[in-house]
Each structure stands twice: as structure tokens, then as C-alpha cells.
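I am opening a page for what I looked up in this model. The entries follow in the order in which I made them.

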Amino acid sequence: MTYDPASIEPRWQSFWEENATFRTDTTAGTPGGPDKPTYYVLDMFPYPSGSGLHVGHVEGYAASDIVARYKRMKGFEVLHPMGWDAFGLPAEQFAISQNVHPRESTTKNLDNFRSQLKAIGFSFDWEREVGTFDPDFYKWTQWIFLKLLEHDLAYQSEALVNWCPALGTVLANDEVIDGKSERGGHPVERKPMKQWMLRITKYADRLLDGLDEVDFPEPIKAMQRDRIGRSEGADATFAIKGHDAALEVFTTRPDTMFGATFCVLAPEHDLVTEITTDECRAAVDAYRAEAAAKSEIARTGNDAGKSGVFTGAFAINPATGAEVPIWVADYVLMGYGTGAIMCVPGHDERDWMFATKFDLPIVEVVAGGDVTEAAYVGNGPHVNSSGANGLDLNGLDKEEAITKMSEWLEAEGLGRRIVRFRLRDWIFARQRYWGEPIPVVIDEDGEVHPLPFDELPLDLPDTADYTPSETGESPLSRMKDWVATTVPGQPDKPARREADTMPGSAGSSWYFFRFLDPRNSDALCDPEKAKAWLPVDLYVGGAEHAVGHMMYSRFWTKFLYDIGVSPVEEPFKRLVNQGMILGEDNRKMGKRYGNSVDPIDVIKEYGADTLRMFEMFLGPIEQEKPWNQSGLDGVRRFLNRAWRLYCDDDGALHASINDEPMSDDVARLVHQTIAKVAEDTEGLRFNTAISQMMIFVNEMSKKDDRPREALEAFCLVLSPYAPHFAEEIWSKLGHKESIAYAPFPEADESKLVEDSIEVPIQVNGKVRARLQVAADIDESTIKELALSDETVKGWVEGKEMKVFKYIPGRLVTIAVKG
RNA sequence: GGGGGUGUGGCGGAAUUGGUAGACGCAUCGGACUUAAAAUCCGAAGGCUUCGGCCGUCCGGGUUCGAGUCCCGGCACCCCUACCA
């Protein structure tokens, strides 16, 4: 019988399951536990969608599985768990579309996912499976929320939020794309609503600094830095003519204040109503109404030209003492800085466009450009920058002027240096059913009371009436019996439960703690285990989670660190994003192009080992690459040939397999393969590891020699990549134990040396001849040989030799002139 | 506008510190086996060539005995982000 994955693979999957082969002992590394090095390799757990696993999942999971299996063979106690990101909008939308309860559809979907994952032979410790929708799990999500509340990091706020009427909920900023909801593409509008918020902004600095410690891909770090958006500048106070109230602006260029010829307020700014003059009121009110109706995207989009309206009021520029007009314009955002800016049209592009459109004065205060043509944002000596107050910036460069101006503002009590962040607080409530209930009650005076910890979990009540409303009223609020309660500890004091639920990203922000100790009912995780296992050594997942999920997880981990629950501030030591697998047509796989591939179909036709190796062989793990259906045949051919190295046509081991010592040639091939695969697996270069295995099989197939030592070593080397195949062969070779914990072979350097090598001879940079020489030949010997070579002579003779060099083991280079 | 990335055969991709460009695989072509096909096995293959060689890693320069790799200047494509003061 030839290689037949359909009969081999299910058998070994059952074997692993029955023997709990991949059960992890997380007491390893803790006091009293086994003294083994630990390795935590984690996949981004999936949202179990209705359509099942796709090839992108398989790519990431195959990569992490290879590492997990390799590390086990290298003697590590490996934690490689799997779970379900099952709460949240997508799961609920799917349920509604199928007209079933989300609990029912979610359970069904994840059963399907689990069986699909098992069919691919991933070495997960299934006894540690967790789901974010499980009360035993979300008890601790709620616990963390209460801790955040206790530390004033959770609060309610009347905030402008992204409201999506079609979904009936608010959305986080990263759930809104181009003014439409990420799920479903429904329109999203801005609307003030009272919301639970988490104060992630308090961690902005630490989230930024932490990036220097972790091994993440550079683009991901860049994206996170960009989201945090740190900028240094100054707040400055402008008096308002005829009013007691003053205007506070934020600027990164206080040095240009002498050129500030007007100010602009965001339409929502508190002062607008107060300072607007009667003549201007009608226009201002109309403008504000219009701005309110626009989504943030329409306001901040790339619209040519800027809109705005004059308030009739004037501010006093503290540097010049001049009266400058105050305008309202929607290019100034209430959510950033102070919602008010001083405008320096000479040196800011947006201000320049605005000034040009509305015919406001432009003053040059930094030399180097032509401010009548465009804003000059570069550096240069300051000009027109001295005032009656004795302040003089003229001649200073940008940095000097910023320092001097900032010091002056501080001395005069007119401002202060400040660091601001673009990052905004995390909107932590959804007006939806399928999420963790927020464990607080609100009394009749509107005061919030947290539930005591011992009342957790606060179960998500069952109801058939789970659909969202378009008004913003949460489905849970319709459950009058559930909502009506009393203040904890005060049975006489009526209260109502919070009816909003947490967003989908709540559970995923800490789930990697729970895998360490999934059934602990006293703590979210045993601190000894956390200490032994965190941070996660390798985290593999898609780049779509580069910012949202990664930042939320990092934030929560830092918080858990602060309250003594986490031993580390950064949860993930190393992050790898698998590149997207495109369709064969080089376009994104999906319904739109009908170019999707179902991994389960591939397994039926080719087997799981072929699928795994094929996806790893496509190209570098982090790179985007197209699917190539016939490439599957190539990998299957490889496994077939590998099989025939061991077995004859009726499936029995070859009689020619012997215990003779390996020839030097075979030994070199074996050790080269061990070294290359080990090195490439550590570096996650799976594609080149596989090509070395192909070289091994190609070479060995040509030989009649079948030394057991070589074949066993290759089986071990192959096993992280094609585990079912390797288990089958391993047992045929007479081993009773699973190959999963057999030691990975060590490459023997001494076996790699060759006696005789071929050395190319380069003349003026071009290879002209090749010599077969002893590997340890010295320069003078090879020089003699090279110069007596007939071909080389033809290129060298009669010319002046400028250079002769022997790069040992690589090449000879000769440079001649004339 | 800002940030990040990528350019190598027909295709996916290989190439320590600068050191034989095109490993490995796909597709292609030829041959063997077969009544035939599939499967399998063996072999060819960057382009041009007057068969001496010459040209070839997006383009143009530079450094070097030697550049896919380093430096300078362009071009193209992709991704992210976007009025953040």
C-alpha cells in the first residue's frame, strides 16, 4: 500500500486524543513542579464563524504548531492552547441572520471549528480550551472590569460616539472604516451618548515605551505608535476681548505665535455660544448644526478647501498683543487637544488654506520660504518675532525658539509645555445582547454601585428577545425582571442593572492568562503559573489585529501588572503576523471573486500533512502570497517519495533498511538536513526548511543504501511538519512511543566537512574556471594550481596581476590589468 | 499629506559577513515504462550568440578585485493612516 493519508491521519488524531499526548503540565517551572524550560506558543484564538476554517487560519496555526512540536522535541514543556473569541458583534449578527439564538449558533460553530482543527492535526492541549462566552471565563472578564472601576480606569461619560443605527450599537473607532461599520458596511453617525469608557489614555506613555522592549514586526510597532500619537507642544492662553473667559489652545509650534493671525474653535467647543456676537449667531448656529450632522469622516476627509464661519469675537495674541478674529471650523476636532487652535497661516498648510480662502492675514515668522505662495513648514531663522513685552525670538532656529517661547509662556503664566496623545479612551459598552454583562447597578439617584466580587459571574440572562433596537436601548433593558434589583448590601434601595454589555474585544484582552489555569475558580490565574509562563514566547496571528487587539491586551496586562496579578508588563515577547494568502488570481480570497479555497476540501483530496506543508512552502510566513493549487501536487509528490524511502508497495518497511553505519556522503546529507531544518524552524523560515527536506528525499531516492540511522533522523526532522506521516513511519520503524517527544536530532558539525571541494576561479569578477581541490588547501598552493590552469592562463597571461585572493572554501579571485 | 513595505526566470520563491544569481517547487519540453492514459522514473531549460563569448536581480549613478546585497538619486506597485494643530 502506498502513502494514504486518509487512513493514517484519523488514526493518529485519535491516538493523540486518547493518550492526551499534548497535555501540558503548567506546574513546570513553578516551585515543586518539573524543572523544565517552558515555552508558550499562542495563536490568536478565532472567532468561530459560520463558514468554518479558512486557509489563512491554517497558515498561522500550522506555523505555530510546527514551532510547538519542535520545541517539545527540544525538551521544552510547551503550552499550545486553543479557544474561542465567541462573544461580540459578528457572532450575534450571524445568529440573527440564521434566526437562532447566539448561544446556539456559537456552540454549533465552535464544535465545527474544533473538529476541523482536529482534522488538521494541530497539537493543542484541548483540555485547556476556553471560550469568552463561558460564565467561568467571563466571570474574570467582569472581575477585571470591577478592578478597573475600583482604580478609576472605568468611567461613564457623555461622549460623541460612533452610532450605527443598523447594528443598533455604538462602535469602537477601529470598528468603523470609511464612515461605515466594519461588519456589514452600514452607515455610522456621530452622536452624544452616555457610555462606559476605559481610560487607556492613562497608559499612553507606557504603551509607547513598551514597544521598545518587544519583538514585534516594525510595521506593527509603527502603527501602534501612530495610534498613540504622542506630540510635544504647549497649551497657551489667549484672552478674549470683552469676555472673562479665556481661550486655551494647544500647539506644537509655540515658536510661531508671532504669526498667529486668527484662532479657530471646534464647532462643539463650549465657548462658541458665549462669544458669538448677535450679528454672527445665525451663521454660526447653522454651521454648527451642519457639522453635527456630518460624520467624522465627512468632516475630516480629503475635501478640497475648508469650511468655517466667523464668530464676531476677537482673541488677544499674547505675543503680539494684537486682536485676532476667532472662527469656528470643523477641521478642528473637539476630541483632540483643547478643541481650539491658534492659526499660523505662514507656517501651517491647513491654516494657510483657510486664511487664503477667507482672506485672513498671513505673516512670515520663519524665514526660508515664500508665505505668499505656500505655508513654509521647514526650519529657519525666526523673523518678525519680537514684541513690546521684551520677548525676542528673531534669529533663533526652531528648537531654540520653541524653548524660549515655552519658558516665556510659563514665566508669564500664559501657558505650559505639555505632551498630548492622539489616543482616545476606549468606548467599552455595546447596546447589544451577546456580550459580558457589565457588573454594576445604578440606583435611583444615578449613582453607580459595583457588584461585590463574590456575586460574579453576573450571568448573561437567557432570552428569546435578543435583537438590537435602532434607538440605542439595549436588549437587556427590555428584561424588566432582570434589570430591577437593589443596591448590593442595601435590599431596601432599588436599583437597575446596567443593560449595556462589553465589547467583543474584552475577553480577548486577557485570555492568554486563562490558558495557564483555565479551571481555577479562585483566581483568574495562579500567580506562580503566570510567573513561570509569561510572557507568551511566540504569538502568531493576522495583521488585522495589529492595533486594536494588541493595544487592548497590552493595556490590560499593564493594568494587571499594576495590581499585582501579572508578573509582566508586556504580554507578548515576540509577535509574528502571517501574510495573507491570496486567491490564485492574486486577489483577496472571498465571495466577491469566488476564489476561496476550503481547507477541508484540500484535506479530503490531499491529506492534512500535505496541506500543512504546502502552506508553509508557499513562501516566507510573513509575506502575502497567492495560492497555487498545483503546488499541492508538488508537496504530495514529495511525501509520496519520502514514503517510498521507507516502505515498499505493500506498505511494509523495505527489507534493505539496515543497521550499517552511514557512508560519509549520507552522513553529510543527514547532518546538513538536521542543521538546516533546526536553524530554519527556529527562525520561522519554514519554506526553506522544507526545501532542504526535499533535497534530502531527492538525494536519498537515488541511493540503494538504506541506513536506519539516516531514515530515523529524517523522520524526526520531518515530524513537526508532517506529524501524521512521521508517527506512522516511526511506529513502522518499531517505536512504541509517540514521536512527539522523541528528541530532535543534533547536527554533528564534524560530519559536514568535505575532503574535496570545487572552487570557482574568478578573473575580473567573472567565473572562468573551476578547480577540484582539497578542502584545507592554502592560498599559495591554490594560486599555483589556478595560474597553471589553461583557461585561466588565457585570461591572465601577459597582463599585470593586481590582486590574487583566496576566500577559503568559497572562491579564488584574480584581478588583472592591460 | 504622513508612515511602512516590496520590486530576482513563464509563476511561487532561494542566495551567512558583499564572494559561483536563479536552490526547492510549480508550469513547460524531451525520453523511458504502458495497447493507451494516469502514476512513476530519467533528462533539458534566464536571454542573446558569429559558439570565442556577451547581457542579465525595476531604472540611473557610485564604492569595491567582486554588488541582488552597501551608498546617492529616480520609477513602479502594495498596505496602513489620514485636517491630530
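I took the axes of α21 and helix α22 (residues 708-718) and found that they come within 11 Å and cross at roughly 155°. Axes here are lines fitted to C-alpha atoms, for helices over the stretch in contact, with angles from 0 to 180 degrees between N-to-C directions. Angles over 145 degrees count as roughly antiparallel, and α21 and α22 are therefore roughly antiparallel to each other. Helices are DSSP runs of H or I, at least four residues, numbered from the N terminus.

I noted that the model is predicted: local features need pLDDT of at least 70, side-chain atom pairs count only at pLDDT 80 or more, and totals for chains, interfaces and linings use all residues. Residues are numbered from 1 along each chain as written, chains are lettered from A and ligands numbered from 1 in written order, and side-chain values use heavy atoms, without hydrogens and water.

Next I looked at RNA strand B. I found 52 residues around RNA strand B, with Thr 252, Lys 306, Arg 350, Arg 422 and Arg 770 the closest; near means a heavy atom within 4 Å. Helix α21 (residues 686-702) gives the largest share of this surface, six residues.

I then checked polar contacts (pairs of N or O atoms within 3.5 Å). A polar backbone atom of Thr 252 is 2.4 Å from a sugar or linking oxygen of RNA strand B. Tyr 336 has a polar side-chain atom 2.6 Å from a phosphate oxygen of RNA strand B. For Lys 805, a polar side-chain atom lies 2.9 Å from a base nitrogen of RNA strand B.

Methods
Polar contact = N/O pair within 3.5 Å; in protein donor to acceptor, adjacent residues only side chain to side chain. Helix = DSSP H or I, 4+ residues; strand = E, 2+ residues; numbered from the N terminus. Parallel < 35°, antiparallel > 145°, perpendicular 65-115°, else oblique.
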